[in-house]
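Please read the report below alongside the sequence and the model.

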Amino acid sequence: MVASGGAGRPGSDRPPMTPLTMSHRHLPGVTVIEVCGEVDATNHTRLREHVRQARARPADHVVFDLSAMTFMDSSGLHALLACHQEARTHDARVYLAAPQGAPARLLEITGVDAHLPVYPTADAAVAAAAADPPG
């Protein structure tokens, strides 16, 4: 698991940033990437790098477990969409699982949830991905 710390934002009333941690696991035909904490302009490159390393089998579908993601700005959204574009080049798909709060709202207001399937749990997203053969 990769972890990082973060401090509150200078000049902001927001509480200290929730550290970004990520982990992944491989299942037959599916890579599950769990993203916890906050993803923003200060750490989105760490997310992109973790995704790149986790996708050792590019033809695998990708499930992002967002159940513990507490915040995501447009740079985090861009990282998810970049993975989607990369997966499509290998006839794979990206599935989003259990976004809550601000990340769920961002997916909704940007319309991303109309293009990337969103499931209420990681198990449901994994089951959908496993039932969807690549190609």
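The structure is a predicted model, in which local features need pLDDT of at least 70 and side-chain atom pairs count only at pLDDT 80 or more, while totals for chains, interfaces and linings use all residues. Residues are numbered from 1 along each chain as its sequence is written, and side-chain values use heavy atoms, with hydrogens and water left out.

Helices (H or I, at least four residues) and strands (E, at least two) are DSSP runs numbered from the N terminus. A residue is called buried under 20% relative accessible area, exposed over 50%, and partly exposed in between, with a 1.4 Å probe and protein chains only. In helix 3, which covers residues 101–110, the buried residues are Pro103, Leu106 and Leu107. Viewed down the axis of helix 3, these buried residues fall within an arc of 95°, so they line one face of the helix; the arc is that of the directions from the helix axis to the C-beta atoms. The face turned away from this buried side carries the exposed residues Gly101 and Ile109. The cover over the buried residues of helix 3 includes strand 4 (61–72), helix 2 (74–89) and strand 5 (94–97), where contact means heavy atoms within 4.5 Å. After helix 3 comes Gly111, whose phi is positive, near 80°.

**Salt bridges**

A salt bridge is taken here as a side-chain nitrogen of Lys or Arg within 4 Å of a carboxyl oxygen of Asp or Glu, and by this rule the count comes to four. Among them are the pairs in the table.

| Pair | Closest N and O atoms |
|---|---|
| Glu49 and Arg52 | 2.5 Å |
| Asp132 and Arg93 | 3.3 Å |
| Arg105 and Glu108 | 3.3 Å |

Glu49 and Arg52 are three residues apart in helix 1 (residues 44–54), and are thus separated by about one helical turn. Glu49 is partly exposed, with a relative accessible area of 31%, whereas Arg52 counts as exposed at 55%.

Within helix 3, Arg105 and Glu108 are likewise three residues apart, separated by about one helical turn. Arg105 is partly exposed at 47% relative accessible area, and Glu108 is partly exposed at 47%. An α-helix has 3.6 residues a turn, so residues three or four places apart point the same way.

Asp132 forms a salt bridge with Arg93. This pair links distant parts of the chain, 39 residues apart, with Asp132 in the segment after helix 4 (122–130) and Arg93 in the loop between helix 2 and strand 5. Arg93 counts as partly exposed, at 36% relative accessibility.
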